[in-house]
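Subject: Structure for you to look at

Hello,

Here is the structure I said I would pass on. Please open it beside this email, and my notes on what was found follow below.

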Amino acid sequence: MYNILSICGSGIATSTLVAERLKDGLEELGITELNIQEANVSEAGGLIQNNPPDIIIHTTSLESVNTKDIPSFDAVPILMNINTEPLYEQIAEVLKKK
């Protein structure tokens, strides 16, 4: 099971949409065991500290968040649904190394 943290400004709509699209994209690449949690920036630090994810995807700046060297990916292409395949492949590659 791969744990992914999806972060946006409010932790509601955008992070959920990105999480759903990421799940679909990774399933097409054969990665189906996913646990994706959505959060806003202010929640992210505590979640990372208490239960570090395998990767972080985000649509907002993470300057104020200690990501603890966890691989993170700008998810704006997923949100905009533009040129997502290379990003899905890059994320899949990182997850398969876990």
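Lys-23 and Glu-27 are four residues apart in helix α1 (residues 13-28), which means that about one helical turn separates them. Their side chains meet in a salt bridge, with 3.5 Å from N to O. Side chains of opposite charge can pair when their charged atoms come close. Please keep in mind that this is a predicted model, and that goes for everything below.

How exposed are the two partners? Lys-23 has 37% relative accessibility and so counts as partly exposed. Glu-27, at 32% relative accessibility, is also partly exposed. For both, the value falls between the cut-offs of 20% for buried and 50% for exposed.

The structure holds two salt bridges. Glu-93 and Lys-97 are both exposed.

The sheet

Strands of a sheet pair through backbone hydrogen bonds, either parallel or antiparallel. Here four strands form an open sheet, the pairing is parallel, and the order is β2-β1-β3-β4. The edges are β2 (34-40) and β4 (72-74), each of which pairs on one side only. On average, neighbouring strands of this sheet are turned by 25° against each other, direction ignored.

You can follow the sheet pair by pair. β1 and β2 run parallel and are joined by seven bridges. Within this pair, Ser-6 stands opposite Glu-38 of β2. To get from β1 to β2 the chain passes through α1, and this β-α-β crossover is right-handed.

On to the next pair: strand β1 (residues 2-8) and strand β3 (residues 55-58) run parallel, with four bridges between them. Leu-5 has Ile-56 as its bridge partner in β3, and Ile-7 has His-58 as its bridge partner in that strand. Helix α2 (residues 41-50) touches β1, β2 and β3, and its direction makes about 135° with that of β2. Helix α4 (residues 84-96) touches β1, β2, β3 and β4, and its direction makes about 175° with that of β4.

The last pair is β3 and β4, which run parallel and are joined by three bridges. The bridge partner of His-58 in β4 is Asp-74.

Which way do the side chains of β3 point, and are they buried or exposed? Ile-55 and Ile-57 point one way, Ile-56 and His-58 point the other way, and all are buried.

The nonpolar cores

The largest nonpolar core has 18 residues. Ile-4, Leu-22, Leu-26, Ile-57, Ile-91 and Leu-95 are those with the most contacts inside it. At least two residues of this core come from each of α1, β2, β3 and α4. Its largest share is the five residues supplied by α4. Apart from this core lies another one, of 10 residues, including Leu-5, Ala-44, Leu-62 and Ile-70.

What does Leu-26 touch, not counting residues up to four places away in sequence? The list is Ile-4, Ile-31, Leu-34, Tyr-88, Ile-91, Ala-92 and Leu-95.

Two loop residues

Which residues other than glycine have a positive phi? Asp-69 is one of them, with phi near 60°. Asp-69 lies in the loop between β3 and β4. With a relative accessible area of 77%, Asp-69 is exposed.

Asn-83 is another, with phi near 50°. Its place is in the loop between α3 (76-80) and α4. Asn-83 has a relative accessible area of 60% and is exposed.

Regards

How values were computed. Residues numbered from 1 in each chain as written. Predicted model: local features only at pLDDT ≥ 70, side-chain atom pairs only at ≥ 80, totals over all residues. Heavy atoms only, no water. Salt bridge = Lys/Arg side-chain N within 4 Å of Asp/Glu carboxyl O. Buried < 20%, exposed > 50% of the residue type's maximum accessible area, 1.4 Å probe, protein only. Pairing = 2+ DSSP bridges. Axes fitted to C-alpha atoms, helices over the stretch in contact; angles between N-to-C directions. Contact = heavy atoms within 4.5 Å. Right-handed = clockwise from strand over helix to strand, strands pointing away. Core = buried A, V, L, I, M, F, W, Y, C linked by side-chain atoms within 4.5 Å.
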